[in-house]
Amino acid sequence: MGKYIFKRVLLMIPTLIGAAILVFLLLRMAPGDICAVRYLGSGLAIDESQIELCREQLGLNKPQIVQFFDFIWGYVVFDLGDSMWTGQPVTHEIAIRFELSLQIAIMATLVATIIAIPLGIISAVRQNTITDYVVRGFAIAGIAIPSFWLGLMIILGLLIVTQSWLGEPWMPPIEFKSIWEDPIHNMAQLIWPAVATGYRYSAVATRMTRSAMLEVLREDYVRTARAKGMVEKIVINRHALKNALLPVVTILALEFAFLMGGLVVTEQVFNLNGLGNLMVDGVERQDFAMTQNLVMLVVIIYVFINLLTDLAYAWLDPRIRYS
Amino acid sequence: MMVTVSEVQTEADFEEVAPKKAWTQVAMDLSRKQPLGVFGLAIVLAMVVAAALANVVSPFNPLQEHFDAMLVPPGTDSYLLGTDEFGRDILSRLIYGSRTALLVGFVCAIVGSTAGLVLGVASAYFGGLFDLILQRVLDVFMAFPLIILALAVVATLGPGIENVMIAIILPFVPQCARVVRSNALAIREIPYVDAARALGFSNARIILRHMVPNVMAPYLIMLTTFLGQAILLEASLSFLGLGVQDPIPAWGLMLTNASEFFEGSPWVAIYPGVAISLSVFGFNLFGDAVRDTLDPKLRSR
């Protein structure tokens, strides 16, 4: 096991370096930079010397290779530099938005799990019945409906329902308050995006649960359990489900990793100031320092959760370790 | 033993095919075996017809602004689904929008999965250092969540429909390559590939005639999965203002400004979303049926 972990961790390094190179090059290939964006936005006559000065201050006039090593070195000494737009440290900008994104990701994963596992089991147990078709339709619809549009519809629904029941329209609060500070306010704001994205992710997990259950229900040991006269409920919950959950947990874990940075579009709909919003702003302002570190953060989380799921697999299934 | 088994199978296949069935019978069989898949195919076909006949079936020019009829509710003055904030007919924009969606969907799915097919088969066939390096490069691309990579590419290339297609294709390639490679690796070990090499066939011929036909199933499965994904990604990027640009009718783009008006004019927000969901739904149902039919592991379940 130790050797396997060592090998997997070692394999991560070239991936991360490759990702860093890719992000760095992609951003620098774009025409223009933050200094040009700033002066265009300010409406002042374009003064080349001012733009040069701005580039010098931000270190954009250094050779690309030096800029790249500065970027990588930042990860060695844990100093990611300052945002080129606000001048605040990148870590600070990320930290103030991290809680919001993390909370939505956790809540959405919970929503997904609560929907997916029971539906997946029912669908598999009643394969090819009306129930199965309805669940599958529900799941495929979840993959088809864009979560940003579902978000819009939820807001619209809230407006209409509150208008008719309370007499005046109610919208989720815009300002973020920590759950420790004001739990009701916090929930009133974040439950909707969590449901909108959670439904979408539940769809993938429902299908996974269904197909994993179908596979397991055909195993010999399930037949043995049934032949022993065991109650069907116990056969399903104890024997089948336990073995079917492995791929489901993997999917949920990877989705969680994706949610940390993938809320880009949904955050726009709900006017949330999270990591996704920070990334869209960074892209629009060509704030290289912000965008490259943010993308790397998402990639690192993604790769790490990938690693953890692989390790969990190897731990649970010795065949993987030795192959 | 092996020979007899395969003989029995071919005979059975032959008998099944022998009596020629009317196409209605075939359609009936198919709809009984894959009711959801046939339903999906019907949605896709309806969309293709709408896109092909857009100039005939649309009641209005999708670009024409009617300043006397802005944000008109559905059903007034032959604006069946109402108008947007510029007085453009929503139904006509939806119909023309299906062209954008189909174009992006098919181009991205076909190019992305075909590039993946080539890389995947080549990687498995040549192996060695080439395989090792290619796999590490694909790892890098796979380390990005789909939308993040697409966003980074759009940031570089700028908005516009061609750039959006590139941004969507790029993350598809490694996904398909990975799946095709693992299938192709198994095929490389089968003796007939060795036999072909012993006969002195060129690499290109072995790859094209002996390897590629045998990885058609995973290739087609990936292709059909990508169709819906591409439409969804395009809608998301266009919604963010980073995709297809006005005045080209595109469903995601139609939702960009919807949140400003949907309180008073909900139809502006509702119909484009229904169009996106319905088309992706259709493509996914169809894709599922394709996978059920092609993947022997899942067959008859």
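Predicted model: local features only at pLDDT ≥ 70, side-chain atom pairs only at ≥ 80, totals over all residues.

Reader: Is A:Arg226 buried, partly exposed or exposed?

Author: Buried means under 20% relative accessible area and exposed means over 50%, with partly exposed in between. A:Arg226 has a relative accessible area of 37%, so the class for A:Arg226 is partly exposed.

Reader: Which residue forms a salt bridge with B:Arg136?

Author: The closest N and O atoms of this pair are 2.8 Å apart. Both residues lie in helix H6 of chain B, 3 residues apart, which is about one turn of the helix. B:Arg136 is partly exposed at 26% relative accessible area. The partner of B:Arg136 is B:Asp139.

Reader: Is B:Asp139 buried or exposed?

Author: The limit for a buried residue is under 20% relative accessible area. B:Asp139 has 19%, so B:Asp139 is buried.

Reader: Which residue of helix H8 pairs with B:Asp139?

Author: B:Asp139 also forms a salt bridge with B:Arg178, at 2.8 Å between the closest N and O atoms. This pair links distant parts of the chain, 39 residues apart, with B:Asp139 in helix H6 and its partner in helix H8 (residues 161-188) of chain B.

Reader: Which residues do salt bridges with shared partners join into one network?

Author: This network lies in chain B. Its members are B:Asp84, B:Arg88, B:Arg93 and B:Asp246.

Reader: What area is buried between chain B and chain A?

Author: The size of an interface is often given as the accessible area lost when the parts come together. The contact takes 43 residues from chain B and 48 residues from chain A. Carbon and sulfur atoms give 79% of the buried area, which is about 4,000 Å².

Reader: Which residue of chain A forms a salt bridge with B:Asp288?

Author: Across the interface of chain B and chain A the rule finds 1 salt bridge. The closest N and O atoms of the pair are 2.8 Å apart, and the partner of B:Asp288 is A:Arg207.

Reader: Which element gives the most residues to the side of chain B that touches chain A?

Author: Between chain B and chain A, 3 residue pairs are in polar contact, both residues being at pLDDT 80 or more. The elements that give two or more residues to this side of chain B are helices H3 (35-52), H6 (128-142), H7 (146-157), H11 (216-239) and H14 (267-294). With 13 residues, the element that gives the most is H14(B).

Reader: What percentage of the residues of chain A count as buried?

Author: The C-alpha atoms of chain A fill a box of roughly 85 × 65 × 35 Å along the principal axes. The accessible surface of chain A comes to about 16,100 Å². Of its 323 residues, the part that counts as buried is 48%.

Reader: Which residues does A:Arg55 touch, beyond those up to four places away in sequence?

Author: A:Arg55 is found in helix H3 (residues 48-58) of chain A. Its relative accessible area is 21%, so A:Arg55 is partly exposed. The residues that A:Arg55 touches are A:Asp33, A:Cys35, A:Leu60 and A:Asn61.

Reader: Which residues make the nonpolar surface patch of about 690 Å²?

Author: One member, A:Ile21, is found in helix H1 (residues 2-29) of chain A. At 39% relative accessibility, A:Ile21 counts as partly exposed. The patch is made by A:Phe6, A:Leu10, A:Ile13, A:Ile17, A:Ile21, A:Leu25 and A:Met29.

Conventions: Residues numbered from 1 in each chain as written. Chains lettered and ligands numbered in written order. Heavy atoms only, no water. Patch = residues over 30% accessible without salt bridge, like charges linked within 9 Å, V, L, I, M, F, W, Y side chains within 5 Å. Areas by Shrake-Rupley, 256 points an atom, 1.4 Å probe, with all protein chains shown as cover. Salt bridge = Lys/Arg side-chain N within 4 Å of Asp/Glu carboxyl O. Helix = DSSP H or I, 4+ residues; strand = E, 2+ residues; numbered from the N terminus. Buried < 20%, exposed > 50% of the residue type's maximum accessible area, 1.4 Å probe, protein only. Contact = heavy atoms within 4.5 Å. Buried area = accessible area lost by both parts, 1.4 Å probe. Polar contact = N/O pair within 3.5 Å; in protein donor to acceptor, adjacent residues only side chain to side chain.
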